[in-house]
Amino acid sequence: DAAAAVHHADWRAFATGPLQEAVSSACGEPMELYKEKLNLKPAGGGGGFAPHIDSPSLRAFSPAEGGPWPREFVTAMVAIDEMTSANGCLRLARPAAGTPRWSEEDPPNYDPGDTSKDPDAEGRAGALVPADGKGFSWEDLPAKAGEAWLFNGWVPHRSSANNSDTPRRAVFFTYNPAREGNVRERYYTSMAERRTAFQEKLAQRFAQQQLDALNDAAGLLSIPKSAV
C-alpha cells in the first residue's frame, strides 16, 4: 500500500505534525501533506530509479478528476537507514554554472508521459530527456538514519541500485501549499481509478488477443485438405 506510512498512527503523527511544521517553516507558508512513498531497496541489487523530476507527474490531473489540483510541491526525504553511494542514496543534479535554477518557467527537458499507458511507469510524466541523464551534473546525497532532506518538484534526481549487503529504506513525503488545498485523499482516489482503468484495458486487450488466436485457429481448421 503506497499510503501505508500514513496509515500507521506514529508515521501519521510525524508526517502531519513535526515534519509538516518543519516543511512549512522552510517554505515560509503552511503546507499540507499531498502523498507519501515508502522506498525499499533490498541488499544485493535493489533497483534504482531513472532520472526524473516530480512536478509533471504530481500535477498531471485534469479538472474532470476532481480539480482544482495543487501546482507547487516540496518533498521531504526521511532516511530510515543510512544512505550511502554503495546502497543507492539519492542523487541530485545541479544546474551548470551561470545557468538559472530549474523552475516551472525554465524546467529541464522531460517526457510528458502517455496517459494511455501504465500510470506507475510509462504513463507518468517527468522522465528526463535524455533518459540516461547525460548532460547533467549529478551529486550523491548521503544521509544518516533519521535525517530529512527537502527538495522541490523541479529538481532532477535519481538513484542507483543497492549493491551493499544491507537494505536501504527511505520515506518520501510530498507537501503542497495549504492555499492550494488538502487533496491527499483525492490524489489516492484518482490514482486508484487510473490503475483500475489501465488494468481493465490490459484485460480487454488480452481477451481480444485470445479471441483473435481462436479465430485464426478456426480459420486454419476450415482450410480444405489437399486431395493429393
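Q: Is C27 buried, partly exposed or exposed in this predicted model?
A: In this predicted model, the relative accessibility of C27 is 29%. Buried residues are under 20% and exposed residues over 50%. Because its value falls in between, C27 counts as partly exposed.

Q: Is C89 buried or exposed, and where is C89 found?
A: C89 has a relative accessible area of 2%. The limit for a buried residue is under 20%, so C89 is buried. In the chain, C89 is found in the loop between β3 (74–79) and β4.

Q: What distance separates the C-alpha atoms of C89 and P142?
A: Along the chain, C89 and P142 are 53 residues apart. C89 belongs to the loop between β3 and β4.

Q: How many disulfides does the structure hold?
A: A disulfide requires two cysteine sulfur atoms within 2.5 Å. By this criterion, the number of disulfides in the structure is 0.

Q: How many helices and strands does the chain have, and in which pattern?
A: The chain has 5 helices and 8 strands. Read along the sequence, these elements follow the pattern α-α-α-β-β-α-β-β-β-β-β-β-α.

Q: What percentage of the residues in the chain is buried?
A: The chain contains 228 residues. A residue is buried if its relative accessible area is under 20%. The buried share of the chain is 36%.

Q: Why does the pair of W11 and F173 tie together parts that are apart in sequence, and by how many residues?
A: W11 and F173 form a tilted aromatic pair, with 5.7 Å centre to centre and 35° between the planes. W11 lies in helix α2 (residues 9–15), whereas F173 lies in strand β8. The pair therefore ties together parts whose separation in sequence is 162 residues.

Q: What is the angle between the planes of F136 and W138?
A: Both F136 and W138 are buried. The two rings form an aromatic pair at 5.9 Å centre to centre. The pair is tilted, and the angle between its planes is 45°.

Q: Which residue lies over the face of W138?
A: W138 is buried and forms an aromatic pair with F136. At 5.1 Å from the ring centre of W138, the residue over its face is R158.

Q: Which residues form one aromatic cluster?
A: The structure holds 8 aromatic pairs. One aromatic cluster is formed by Y34, F73, Y187 and Y188.

Q: What is the volume of the largest pocket, and which residues are closest to its centre?
A: The largest pocket holds about 830 Å³ of space. Of the 38 residues in its lining, the closest to the centre are K35, K37, F49, H52 and R124.

Q: How many residues of the lining of the largest pocket are charged?
A: Among the elements that give two or more residues to this lining are β1 (31–41), β8 (168–177) and α5 (184–221). The lining contains 20 nonpolar and 8 polar residues. The number of charged residues is 10.

Q: Over the face of which residue does K37 lie?
A: K37 is one of the residues closest to the centre of the largest pocket. The distance from K37 to the ring centre is 5.4 Å. The ring belongs to F172.

Q: Which element supplies the largest share of the lining of the second largest pocket?
A: The second largest pocket has a volume of about 690 Å³. Its lining has 29 residues, and the closest to the centre are R101, W102, F151, N152 and V155. β4 (90–94), β5 (137–141) and β6 (148–152) each supply at least two lining residues. The largest share, 4 residues, comes from β6.

Q: How far apart in space are P107 and V155?
A: P107 lies in the loop between β4 and β5 and is partly exposed, with a relative accessible area of 29%. P107 and V155 are 48 residues apart in sequence. C-alpha to C-alpha, their distance is 8.8 Å.

Q: Which peptide bond is cis, with omega near 5°?
A: P130 is found in the loop between β4 and β5. The cis peptide bond, with omega near 5°, runs from V129 to P130.

Definitions and conventions: Residues are numbered from 1 along each chain as its sequence is written. This is a predicted model: local features need pLDDT of at least 70, side-chain atom pairs count only at pLDDT 80 or more; totals for chains, interfaces and linings use all residues. Side-chain values use heavy atoms; hydrogens and water are left out. On a 1 Å grid over the protein atoms alone, a cavity is a set of points where a 1.4 Å probe fits but cannot get out, and a pocket is an open set with protein on both sides within 12 Å along at least five of seven lines; lining residues have an atom within 4 Å of a point. Grid points are joined across faces, edges and corners, and a volume is the space filled by probe spheres set on the points. Ala, Val, Leu, Ile, Met, Phe, Trp, Tyr, Cys and Pro count as nonpolar, Asp, Glu, Lys and Arg as charged, and the others, Gly among them, as polar. Buried means under 20% relative accessible area, exposed over 50%, partly exposed in between (1.4 Å probe, protein chains only). Rings of Phe, Tyr and Trp (its six-membered ring) pair if their centres lie within 6.5 Å; planes under 30 degrees apart count as stacked, over 60 as edge-to-face and the rest as tilted. A charge sits over a ring if NZ of Lys or CZ of Arg is within 6 Å of the ring centre and within 35 degrees of the ring normal.
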